[in-house]
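Subject: Structure handover

Hi,

Here is the structure I promised to pass on to you. Please open it alongside this email, and my notes follow below.

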Amino acid sequence: QVQLVESGGGLVQPGGSLRLSCAASGSIFSINTMEWHRQAPGKQLELVAAITSADSTTSAASVSGRFSISRDNAKNTAYLQMNSLKPDDTAVYYCKADITRLSTRTRAIYWGRGTQVTVSS
């Protein structure tokens with residue numbers, strides 16, 4: 001069974017850095033686009049960054065220049081490097097991936113359970 005597990009969240013001071021990881025596991029044939037989304041308290045889900053299988057990236061204007069997304073295909077893992085963190089970055093961060101399963105060659109969207117990032121003094 002395919003799963004996505006986020007890690008790396010926690011409490012950090014403003015101006016600090018965190019690196020989130022999203023590890024996909026299971027019988028995977030390939031992973032197309034991987035994305036990071038976040039949901040801050042009282043706000044809707046927001047796309048933070050995305051990366052294609054060809055390593056093309058995009059990010060939200062609110063995090064441009066501060067966050068960067070990357071992936072390691074050998075590890076079936078995506079990363080979100082977060083620098084110069086602000087209190088407004090406080091949110092639950094979710095990983096989303098377009099995955100084709102090895103056994104069935106079926107393609108579907110998978111979501112992780114999320115990891116909490118809190119930016120506070």
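Which two residues form a disulfide, and how far apart are their sulfur atoms? They are Cys22 and Cys95, with the sulfur atoms 1.9 Å apart.

Before the rest, a word on conventions. This is a predicted model, in which local features need pLDDT of at least 70 and side-chain atom pairs count only at pLDDT 80 or more, while totals for chains, interfaces and linings use all residues. Residues are numbered from 1 along each chain as its sequence is written, and side-chain values use heavy atoms, with hydrogens and water left out.

**The disulfide**

Taking a disulfide as a pair of cysteine sulfur atoms within 2.5 Å, the count comes to one. The link of Cys22 and Cys95 is left-handed, with -80° about the S-S bond. Cys22 lies in strand E3 (residues 18–25) and Cys95 in strand E9 (residues 91–101), so the pair ties together parts that are 73 residues apart in sequence. Strands (E, at least two residues) and helices (H or I, at least four) are DSSP runs numbered from the N terminus. Cys22 is buried at 0% relative accessibility, and Cys95 is buried with a relative accessible area of 0%. Here buried means under 20% relative accessible area, exposed over 50%, and partly exposed in between (1.4 Å probe, protein chains only).

**The nonpolar core**

A nonpolar core is a set of buried Ala, Val, Leu, Ile, Met, Phe, Trp, Tyr and Cys residues joined through side-chain atoms within 4.5 Å. The largest one has 31 residues, of which Trp36, Leu80, Met82, Tyr93 and Ile99 touch the most other members. E9 gives the most to this core, with five residues. Leaving out residues up to four places away in sequence, Tyr93 has contacts (heavy atoms within 4.5 Å) that include Trp36, Leu80, Met82 and Val117.

**The largest pocket**

About 170 Å³ of space lies in the largest pocket. For your own comparison, a pocket is found on a 1 Å grid over the protein atoms alone with a 1.4 Å probe, as an open set of points with protein on both sides within 12 Å along at least five of seven lines; lining residues have an atom within 4 Å of a point. Grid points are joined across faces, edges and corners, and the volume is the space filled by probe spheres set on the points. Among the lining residues are Arg38, Lys43, Glu46, Arg66, Lys86 and Asp89. By class, the lining has two nonpolar, three polar and seven charged residues. The classes put Ala, Val, Leu, Ile, Met, Phe, Trp, Tyr, Cys and Pro as nonpolar, Asp, Glu, Lys and Arg as charged, and the others, Gly among them, as polar.

**Some loop residues**

Most residues other than glycine have a negative phi. Asn76, which is not a glycine, has a positive phi of about 50°; Asn76 sits in the loop between E7 and E8 and is partly exposed at 25% relative accessibility. Ser84 also has a positive phi, near 50°. Ser84 is in the loop between E8 and E9 and is partly exposed, with a relative accessible area of 42%.

Ala60, in the loop between strand E6 (57–59) and E7, is buried with a relative accessible area of 15%. Beyond its neighbours within four places in sequence, Ala60 is in contact with Glu46, Leu47 and Val48.

Best wishes
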